[in-house]
Amino acid sequence: MDTIASLFSFITTPVSWVIVQFHSVYGALFGPDTGWAWGLSIVSLVILIRICLIPLFVKQIKATRAMQTLQPEMKKIQERYKNDKQRQSEEMMKLYKETGTNPLSSCLPILAQSPFFFALYHVLNSIASNDTIGVINTSLLESAQKAHIVGAPLAVKFTDSASKVEALGASLTDVRVVTAIMIILMSASQFFTQRQLMTKNIDTTVKTPFMQQQKMLMYVFPVMFAVFGINFPVGVLVYWLTTNVWTMGQQMYVIRNNPTPGSKAQASYLERLHKYVAQHHKVSKRRDRAIVKAIVAKGRDRNEFERKFINGLTKAGLAAQADGTVIKSDTAAAAEAEDGTPITTAGAPKRQQPKRQSKSQRQHGGAKAAGEDEPKTSLTKSDEPEDAKPSAAAKKGGAKPAGGTRSKAQSGQRKGPQRPKSPSKK
């Protein structure tokens, strides 16, 4: 570890200077030799570092969103090479290279703050070894050695001997209880941070190597913190616990307000947005307008939650515009849903079902349909012209009546074709 720490010795002086400046402020409030003064100085160092890393975090979010836009292409590759895992991985790497995305972008904040972590470890280790470092002189060194955080000296570790702990004015039991609790909290916060990312902010419809990597980190990182945490000084445990809590809160904010498309977090977000828009008939926040604009631009490529959101606005008499705003729509009742079926509202006329007809009405209607092109006249038996009546010879020859339709059966006669009567003999 000394070799690794020496590689980051170039940042040791700036880190020690920041700690001393914060210590001068908190020392005036709580006393220069108290654990509050030194502990809050380390916490303030973490907050300052994380504020400086916000631009990198924004870049990480953009890279993550770029990965999300590749989800349909990843799904096609998985379906095409589902029986060839090696070819599937090769095609995934090729897709990453063509689009300029990096699945390891989520590790950027951890890699960026690693120099500060090792520099702080080197500073606290020098305090425990009674060595001056950076801008920490002899008087500050003695003050830091007297500082105790909940009964544990700032520079002791879980594995330190009882004699070394007693030399700093503490008991071995107190040190191990405090360090064990801090290690558990540190590992638990890391696990919860990764778990909420996996369960709430990932599109589970597409399984990619990136998801498998995140799932692996969810279990690997807490174990790493638990194993290496016993060799960290109390001050470093304070530093790492603070940065884990910051990361957890920062991620909760991002998941709530800028969720991944297709995730459970997006379903909750769009449900909240729909309630607000249906009540106020507008989208007030610029961030919300940007998300609505992206949903409108997707068109038919919207996922299940986005289609539900658009259909909910239509049923409420609203319409999402291309610029992300929402306006009242007078034609919402006649608009079609995402799946192409019409949306029926209270003001839309209902479609009436035709009445069921009897068999004789259907036959009569069929006969009318067959002779539709003939002129419709109303003739009774007495008004029928003489030349329109079939002659006896025509009856004898079995000629069919004109018009090609079957004559209606008279009362008392059997339905169906009748045998022709023989002509009467005169």
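The protein has 17 helices and 4 strands. Helices are DSSP runs of H or I with at least four residues, strands are E runs of at least two, and both are numbered from the N terminus.

Some ground rules. This is a predicted model, so to speak: local features need pLDDT of at least 70, side-chain atom pairs count only at pLDDT 80 or more, and totals for chains, interfaces and linings use all residues. Residues are numbered from 1 along each chain as its sequence is written, and side-chain values use heavy atoms, with hydrogens and water left out.

Confidence next. The average pLDDT of the protein is 76, and 71% of the residues score at least 70. pLDDT is the predictor's confidence in each residue, from 0 to 100. Residues 332-350 fall below 50, and beyond near neighbours in sequence that stretch has 24 contacts in the model. A contact means heavy atoms within 4.5 Å. Residues 367-411 also stay under 50, with 6 contacts beyond four places in sequence. Where pLDDT is low, the predicted coordinates should not be read in detail.

Now the overall numbers. Of the 426 residues, 38% are buried. Buried is under 20% relative accessible area, exposed is over 50%, and partly exposed is in between, with a 1.4 Å probe and protein chains only. The protein exposes about 27000 Å², and carbon and sulfur atoms supply 57% of that area. The areas come from the Shrake-Rupley method with a 1.4 Å probe; for residues, only the protein chains shown count as cover. Take the contacts between residues at least 6 apart in sequence: 66% of them join residues at least 24 apart.

On to helix H13. It covers residues 264-280, 17 residues in total. From first C-alpha to last it reaches 25 Å, close to the 24 Å expected. That expectation is 1.5 Å times one less than the number of residues.

Which residues of H13 are buried? They are Ala-265, Gln-266, Tyr-269, Leu-270, Leu-273 and Val-277. Seen down the helix axis, these buried residues fall within an arc of 120°, so they line one face of H13. The arc is taken over the directions from the helix axis to the C-beta atoms. On the face turned away from the buried side, H13 carries exposed Lys-264, Lys-275 and Gln-279.

Glu-306 counts as buried because its relative accessibility is 1%. Its side chain makes a polar contact with the side chain of Gln-266, at 3.0 Å. A polar contact is a pair of N or O atoms within 3.5 Å; within protein, one must be able to donate a hydrogen and the other to accept it, and residues adjacent in sequence count only if both atoms are side-chain atoms. Leaving out residues up to four places away in sequence, Glu-306 touches Pro-261, Gln-266, Leu-270, Ile-295 and Lys-298.

Last stop, helix H3. Ala-37 is found in H3, residues 35-52. Ala-37 is buried, at 0% relative accessible area. Beyond four places in sequence, Ala-37 touches His-23, Tyr-26, Gly-27, Gly-31 and Pro-32. Its C-alpha is 9.4 Å from that of Ala-144, 107 residues apart along the chain.

Ser-41 counts as buried, at 0% relative accessibility.
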